[in-house]
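Work through the following exercises with the sequence and the model at hand, and compare each solution with your own reading.

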Amino acid sequence: MLFKNKASVQYVLTLYSVGHNKQYKVIKSDTNRLVVRCIRDACPWSIRAIFSKKHELWQINKCKCPHCCTSLQVVTNGQMMDSRFISIALKQYVREDITQSIKDLRSMLYAKCEHDVTMYKFLAALDNADPDTVTLLKCDPHVSGTCIINSAFWAFGPCIRRFWHCRPVISIDAMHLYVKYKRKLMIAMVTDGNNEVYPLAFIVVESESTETWGWFLACLLSHITNQTNLCIIFDRHRGIQSCFDDTTRGYL
Ligand SMILES: [Zn+2]
């Protein structure tokens, strides 16, 4: 069985494991070889795939099947599906309809694999789908032992690449979110050569403050552009103003 790359082998292995409610662990993984075996030591199931120089493709050349372990103990919370698997599994659906909501994509994934996955993995899948896409999460520092998300930053790869050809002017502002999550959505907008405005980056936070605006500005400068002499247009919100007044941040 031949595959175009190692990621394709990993996708098929995960798809098989999810479908059969099994789990595997990686024994060896490098540029020429991938060896996995069942997570249960008593089970003999294992697969070895290698890069075939003859075909310039990946090939499964050793297979000890089937599993003899029970499936009942394996949870169906998407633990087996990593972000790369999710990005490949959902790419086709997103290409067909780019207005698909995360809720719908989550339902599709559940219908396909009968596993539910967390928002963390969806954000990580965005990262995997485009190498320039940036997603960052911040956990609530007051809750220890687990990560309760209190802020999320994201910017899509095509928007970032387009900005490289735009004038160095960014408008930032915030708006209220209503319905279920009453938070603030901060947006960075830019204008292209045709004078058309488009969104560059987003962040969802609890409220506007020096801390949250500071994080947004830091994300923009660290992950979107390292360009100096940027012009930032804003509504003189105190949180933003105090960031620029703070000379230790190096914005001026
Ligand atoms: Zn097994």
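**Exercise 1.** Determine how far apart the end C-alpha atoms of residues 3-60 lie, and what share of the span is helix and strand.

*Solution.* The end C-alpha atoms of residues 3-60 are 8 Å apart, and the span is 24% helix and 41% strand, where helices (H or I, at least four residues) and strands (E, at least two) are DSSP runs numbered from the N terminus. This is a predicted model, in which local features need pLDDT of at least 70 and side-chain atom pairs count only at pLDDT 80 or more, while totals for chains, interfaces and linings use all residues. Residues are numbered from 1 along each chain as its sequence is written.

**Exercise 2.** Describe how helix H2 (residues 83-96) and helix H3 (residues 102-113) cross, and name the residues in contact.

*Solution.* First, the axes of H2 and H3 (lines fitted to C-alpha atoms over the stretch in contact, with angles from 0 to 180 degrees between N-to-C directions) come within 11 Å and cross at roughly 110°. H2 is therefore roughly perpendicular to H3, a class that covers 65 to 115 degrees. Next, the contact (C-beta atoms, placed from the backbone, within 7 Å) is made by Ile86, Ala89, Leu90 and Tyr93 of H2 together with Leu105, Met108, Leu109 and Lys112 of H3.

**Exercise 3.** State how many helices and strands the chain has, and how its radius of gyration relates to the globule rule.

*Solution.* The chain has seven helices and eleven strands. Its radius of gyration, taken over C-alpha atoms, is 22 Å, well over the 18 Å that the globule rule (2.2 Å times the number of residues to the power 0.38) gives for 252 residues, so the chain is more spread out than a compact globule. Finally, the C-alpha trace spans about 65 × 45 × 35 Å along its principal axes.

Note on methods. Angles under 35 degrees count as roughly parallel, over 145 as roughly antiparallel, 65 to 115 as roughly perpendicular and the rest as oblique. Two residues are in contact if their C-beta atoms, placed from the backbone, lie within 7 Å.
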